[in-house]
Structures are given as structure tokens and as C-alpha cells.
Amino acid sequence: MKIGILGGGQLGRMLIQSALKYDDEFYTLDPASDAPCSTISNFTQGNFNDYETVLNFGKNKDVVTIEIEHVNADALAELENQGIKVVPNSAIIKTIQQKILQKEFYKTYDIPSPEFQAVWNSDEKITMTLPFVQKMNTGGYDGKGVQVIKNEEDLQNLWKEPSVIEKLVDIDKELSVIVARNEKGETKTFPVTEMVADPKLNLLDFNICPVFLQEDTQKQIDVITEKFLNAINSPGLFAIELFLDKAGKVWVNETAPRLHNSGHQSQEGNANSQFEQMYRVVKNLPLADTESLGYSGMLNLVGAEGYSGKVIYEGMEEVLKLPKTYVHLYGKTETKPGRKMGHINVLADSKEELMEKLIKVKAMVRVIA
């Protein structure tokens, strides 16, 4: 099959790397000439937000998918009209890429998500009591386009763009669950992972699996995933980001209609990875076994503060000597502060050992220039 991917970043790269054991042709579209997928696929440099560019890219493919949600969904809808398969479908991409529509989707299908107010223009009065979270309606990801408004002083910094104003949750844990559905309606869910964020960068720092949850917490997550999979009416792989609050209630923070950073540890930690699963969804094949093989975790390799330029991975040789430690670099030649350059997966025999190893590796390696 000719498989087209909108976006040529690391998620697309790892999807292609995983799928090279099968017989397909991969085509990618990305605005950056040196995108991570540019060296391992039939690459087109172009804007995936431009209607005509997406239409021309997709018209001779058997299937078109995404590795970033900020794409031209109208062009994808037209491709569907022309008989090209789009996974996930254009309707769910359009819903998820706008935070306001995404929140209304949860409300419609009775999926628990924090109380919110949709603000379309800056003249509208905000009725949500402080503190609250402001999320830009479009364009935000990896901690961008999200800010916490704690007090009256912070109100001066409100963005003027259309936004979701959301009640601040008293978070105990940040969790993620990756779910998949193929065209036949078969579904599979990966074990829940816990996400530990870098408070300064607002980026995922570690993620760990399995997470030991109360029976009631797991039950709430199972209900959420079932409701979501019934509601989407589309094949696809989706990462549902969750908050567990201090009262034991689970809330959906947001959903990504694609591969996700919180599933990277599945490369070595599960019977099959999220990338294998995404390939099977795109091809409408039987879904892969997602069983956890033990304790696994992931550490993001992020550009260090104060360094921009040609990347150097300081301490990597020492990391490569460690047992059950797996390096994944993204083929990005230039680093800058906060840029995701790769990740390292670690396996262990207990949660304590896993956290020790992740903290040790984090201290060993720096992404500099």
C-alpha cells in the first residue's frame, strides 16, 4: 500500500521504522526540509495546513494518516469524498484539533472532563472562578498554548485568542491510556501509564508503566475508554490524557488523535509498541497484543537550556553501557532549549528500580551543542 503521513516528525519516523519489516511504501509531508522522516520515506516538503498541498499529496495514496493533528482537515474530508481512506477520519480530527469542540464532544458523550467555559472573543466575560486554566482553541501541544491563571494579577496575561477556560483540577496523578480501533470495530487498550512532567518546561519528563491504581480508578478509566471508543465512529489510535484528582475522580484532560509521547515506553515494555498498533490500524489488520512485559519507563531527551546549534549528546556512551536501556534518537541535527531530540526507554524488575534507573540516566546525559 501507498501510505501517506501528514507530518514528518519523530512520531512518523518511529511508525515507519516499526513498519519497515512489512511491505509498504511510505510518503510524508512536512514543511521542514530536514524533518526526521525526510531520510527514511518518500518525502515532500510542503505545508500540511494548506488545502491544495494536502489534496495533491493525498490523491494518489491508498490511505492517509497523521502524526500531528494541526493539519487541513477540510482537505482530508475532500480526499474521503474522492474515495481515499483517511485514518483517523477527518471529522474526529476536526473535533479534536479545536479544544472547544473537543470539550463539547466530551460533554455530549458524558465523558468526564473538567467544567469549562468556551470563550470565542476577548470581549466575553469570564464566569469561571479563579484559579483556572486557559487553553488556546487551536495550535497548542507539548505544553504550548496552556497557562494557569492563579490570581487577579495573572488575568492581565490572558490570551485574546479563542480559548477554553477550564476549572483547575487538584491533581494527584497525571495518567495516559492509549486506545486503538480498526475499521472492523476491534478495539485494544494499552496498560495505563503515569506521566511525570517537568514543571519548568511543562513537558513530559518520565512516563512509567504499569501504574498501580485502585480498583475504582481503573474502573473509571475503563468506562471512559469504552465511551470514547463508542463515540468516535472512526478507526484510529488515540492517546487519552487523564487527571486523577485527590478525591479519587478521573477526568479527561485532552485527547491526541495520533501516536503520543506517553506511549514510547511500549517499544520495549510491551508485547507490541504503539507504532506497531498504529500500523495495524492504518492497514485494518488484526490489532496487536498490548500486554505489559514488566516495569518500563521513558525519559525524554530535551535540548538543554542555553544551547542551540548542532546537537551533541553528552554522556551517551556511558548510557549505552547500561543493561536494559534503549536509546531512540529522532534524526534532528539542530538542538535548542526544550526541543525533543530523542528518548531513552528503561526496563526494571520493580517500580523502585525503574525510578532509580530513570533518575540515574537523566543525570548522566545532556543534550547540548
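"Buried" here means under 20% relative accessible area, "exposed" means over 50%, and "partly exposed" is in between, using a 1.4 Å probe and protein chains only. Asn284 isn't a glycine, yet its phi is positive, about 60°. You'll find Asn284 in the loop between helix H8 (274-283) and strand E16 (295-302). By the way, helices (H or I, at least four residues) and strands (E, at least two) are DSSP runs, numbered from the N terminus.

Before I go on, this is a predicted model: local features need pLDDT of at least 70, side-chain atom pairs count only at pLDDT 80 or more, and totals for chains, interfaces and linings use all residues. Residues are numbered from 1 along each chain as its sequence is written, and side-chain values use heavy atoms, with hydrogens and water left out.

Now the whole protein. We've got ten helices and 22 strands. The C-alpha trace spans about 55 × 50 × 45 Å along its principal axes. How does the radius of gyration agree with that of a compact globule? With 369 residues, such a globule would come out near 21 Å, and the protein has 20 Å, which agrees. That radius is taken over C-alpha atoms, and the globule rule is 2.2 Å times the number of residues to the power 0.38. Buried residues make up 55% of the 369. And if you take contacts (heavy atoms within 4.5 Å) with a separation of 6 or more, 62% of them are between residues 24 or more positions apart.

Most residues other than glycine have a negative phi, and most peptide bonds are trans. Asn233 is another non-glycine with a positive phi, near 55°. Asn233 sits in the loop between helix H6 (215-232) and strand E14 (236-245). Is Asn233 buried or exposed? Exposed, with a relative accessible area of 59%. One joins Leu130 and Pro131, with omega about -5°, and Pro131 is in the loop between E6 and E7. Another joins Cys209 and Pro210, with omega about 0°. Pro210 belongs to the loop between strand E13 (203-209) and H6.

Next, a sheet. Five strands make an open sheet in the order E3-E2-E1-E4-E5, with parallel pairing. Two strands pair if DSSP finds at least two bridges between them. Which strands are at the edges? Strand E3 (42-45) and strand E5 (85-87), each pairing on one side only. Neighbouring strands in this sheet are turned by 20° against each other on average, direction ignored. Zooming in, strand E4 (residues 63-66) pairs with E5 in the parallel sense over three bridges, and Thr65 stands opposite Val87 in E5.

Strand E14 goes another way. Strand E10 (residues 171-181) pairs with E14 in the antiparallel sense over ten bridges, and Ile171 has Asp245 in E14 as its bridge partner. E14 also pairs with E15, antiparallel again, over six bridges; here the bridge partner of Ile240 is Thr255 in E15. E14 and E15 form a hairpin with four residues between them, and Gly248 in the turn has a positive phi of about 90°.

How many of E14's ten residues are buried? Ten of the ten. In a regular strand the side chains alternate between the two faces of the sheet. In E14, Gly236, Phe238, Ile240, Leu242 and Leu244 point one way, while Leu237, Ala239, Glu241, Phe243 and Asp245 point the other way, and all are buried.

Last stop, the helices. Helix H5 (residues 99-108) has Lys99, Ile100, Gln102, Lys103, Phe105 and Tyr106 as its buried residues. Those residues pack against several elements, including helix H4 (90-97), strand E6 (116-119) and strand E15 (250-256).

Finally, helix H1 (residues 10-19) packs with H8 at an angle of about 80°, the axes 9 Å apart. Axes are lines fitted to C-alpha atoms, for helices over the stretch in contact, and angles run from 0 to 180 degrees between N-to-C directions. So H1 is roughly perpendicular to H8; under 35 degrees counts as roughly parallel, over 145 as roughly antiparallel, 65 to 115 as roughly perpendicular, and the rest as oblique. The contact is made by Leu11, Met14, Leu15, Ser18 and Ala19 of H1, with Phe275, Glu276, Met278 and Tyr279 of H8. By class, that's seven nonpolar, one polar and one charged. For those classes, Ala, Val, Leu, Ile, Met, Phe, Trp, Tyr, Cys and Pro count as nonpolar, Asp, Glu, Lys and Arg as charged, and the others, Gly among them, as polar.

That's my tour, thanks!
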